[in-house]
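Please read this briefing with the sequence and the structure side by side. The points are grouped by topic, and each one names the residues to look for.

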Amino acid sequence: MAPVDAQFHWISAILPSDQFLVYGFGGEPTDFDAAVAAVMQRARSCPALTVRLDDRGVLTYPRWVPAAPPPPRVHQVSRPEWAQCLQAVARLGDDPVDAGVSPWRLHLFPGVRGLPGSPGTGTVAVLQVAHALADGARAARLAAWLFGRPAPVPEVATRRRGWLPWRAVQAARAHRRLERDIAAGVLAPQPGPRPALVTNSRPDGPPVLRTLVRRRDQLGDTTVTVAVLSAVSTALSRHLGTVIDTLGAEVPMTKPFSRQANNHFHNVAVGLHPQVDPAERARRIAAELAQGRARADHPATIAANRAFATVPAALLRWGVGRFDPGLRSPTVAGNTVVSSVHRGPADLRFGTAPVVLTAGYPALSPMMGLTHGVHGIGDTIAISVHTAAPAITDVDAYLEHLDAALPRG
């Protein structure tokens, strides 16, 4: 197992980090059991879905070993409305997957009424995935395979880890080059920390999920990610009742080089610039995202990743064990998270039921009480909110602000 994936696994014992990928299918399959059987047949044919974790040695990294895929869990909601279904999805986090048995689990909610894009009843499927198995982009590929997309999930390329002292020397040299490039104006510097706000409060209340839906052409000429970040800026400012110039977000972004681990992303901190008009705000946000990509593409970032990949298992395990989730900080990288993944064309099916939307709800943490998911399939974009009190005490009021701030074409 790659060190970064092992790190996600070990820290999940302290902070659960399962991902929940939601897929809504219009209507219900004509033969529910046959639809389940087809999903299970595809699961058995995917190497990434037929494994479990073997973590028996304290001096070595865990290993993926063969295992049978788990059967889906079918849930009957007492009031099978879309809103009640999301409440049930929120409670799924109370039962994290045990990667030693299986690192994923599929939940099915049949007969859901009010599903956006489905005039009658629909079927909601939720893929629960341990972060050690996949990041957001890879998890979307796993789900797409389960629901009929013909493209197989690529295996993660493995490479020799190298020798830590030599990799550390290379990383130090590359970092000095990075500093020279920043000083010369070739690269923009990494944004500094910003003050923590109420949205960075430790989640104490029950988690709440909400989702808005837009068509791609309603979100204007900018990228979907920039359009939503700009809308979050407006919505948060209205909800907080004041314009805070330091308002910012963390945006997970795929690393620009070849994938060498199940988790292949980094976080880019961007300002949300609520003090300027929307057009200028979008320009600034897009520029800061581009600067984050440029820093990730610098040799210093690549060298640092290679050095991390050589850290001995015992040392990394010891470091994770020292993590204290109770510690608080007056500063943060972002006041919210906006995670954006396009999950491909609308070519997925559950039996005879076609996909109509997909959504996701990035995990909360002790220093992050409000996250946003932006997920597209075909031309349908779901903009989702995951929060808990005291970060956001009136979720529906915040959702109204966000709905009003999002472009409508």
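The model is a predicted one. The points below start with the surface, then take up salt bridges, backbone features, contacts across the sequence and one annotated region.

**Surface patches**

- Arg173 counts as partly exposed because its relative accessible area is 48%, and partly exposed covers the range between under 20% for buried and over 50% for exposed.
- A nonpolar patch on the surface is made up of Trp163, Trp166 and Val169. Together these residues have about 350 Å² of accessible area.
- Trp163 sits in the loop between helix H4 (136-146) and H5.
- Is Trp163 buried or exposed? With a relative accessible area of 61%, Trp163 is exposed.

**Salt bridges**

- How many salt bridges does the structure hold? There are 14 salt bridges in the structure.
- In general, side chains of opposite charge can pair when their charged atoms come close.
- Arg113 and Glu81 are joined by a salt bridge between their side chains, at 3.0 Å from N to O. This pair links distant parts of the chain, as its residues are 32 residues apart. Arg113 belongs to strand E5 (residues 104-113), while Glu81 is in the loop between strand E4 (73-74) and helix H3 (82-91).
- Arg113 has a relative accessible area of 39%, so it is partly exposed. Glu81 also counts as partly exposed, at 27% relative accessibility.
- Arg105 and Asp95 form a salt bridge through their side chains, at 3.5 Å from N to O. The pair links distant parts of the chain, with Arg105 in strand E5 and Asp95 in the loop between H3 and E5, 10 residues apart.
- Arg105 is buried, with a relative accessible area of 11%, whereas Asp95 is partly exposed at 35% relative accessibility.
- Glu280 and Arg284 make a salt bridge in which the closest N and O atoms are 2.9 Å apart. Why are Glu280 and Arg284 separated by about one helical turn? They are separated in this way because they are four residues apart in helix H7.
- Glu280 is partly exposed, with a relative accessible area of 23%. Arg284 counts as partly exposed at 28% relative accessibility.
- A network of salt bridges links Asp54, Arg56 and Arg63.

**Backbone features**

- Most residues other than glycine have a negative phi, and most peptide bonds are trans.
- His273 is not a glycine, yet its phi is positive, at about 45 degrees.
- Where is His273 placed? His273 is in the loop between strand E10 (265-271) and helix H7 (278-296).
- His273 has a relative accessible area of 11%, so it is buried.
- The peptide bond that runs from Ala389 to Pro390 is cis, and its omega is near 5 degrees.
- Pro390 is placed in the loop between strand E16 (380-387) and helix H10 (395-405).

**Contacts across the sequence**

- Trp82 is part of helix H3. At 10% relative accessibility, Trp82 counts as buried.
- From C-alpha to C-alpha, Trp82 and Gly24 are 9.7 Å apart in space, although 58 residues separate them in sequence.
- Leu316 belongs to helix H9, which covers residues 313-321. Leu316 is buried, because its relative accessible area is 8%.
- Leu316 and Tyr61 are 255 residues apart in sequence, and their C-alpha atoms are 9.5 Å apart in space.

**An annotated region**

- An unreviewed UniProt entry lists residues 263-406 as "domain: O-acyltransferase WSD1 C-terminal".
- Over residues 263-406, the chain is 34% helix and 29% strand. The end C-alpha atoms of this stretch are 30 Å apart.

Conventions:
Residues are numbered from 1 along each chain as its sequence is written. This is a predicted model: local features need pLDDT of at least 70, side-chain atom pairs count only at pLDDT 80 or more; totals for chains, interfaces and linings use all residues. Side-chain values use heavy atoms; hydrogens and water are left out. Buried means under 20% relative accessible area, exposed over 50%, partly exposed in between (1.4 Å probe, protein chains only). UniProt positions are given in the numbering used here, feature names are shortened, and annotations may be inferred rather than shown by experiment. Helices (H or I, at least four residues) and strands (E, at least two) are DSSP runs, numbered from the N terminus. Patches are made of residues with over 30% relative accessible area and no salt bridge: like charges are joined within 9 Å, nonpolar side chains (Val, Leu, Ile, Met, Phe, Trp, Tyr) within 5 Å. Accessible areas come from the Shrake-Rupley method with a 1.4 Å probe; for residues, only the protein chains shown count as cover. A salt bridge is a side-chain nitrogen of Lys or Arg within 4 Å of a carboxyl oxygen of Asp or Glu.
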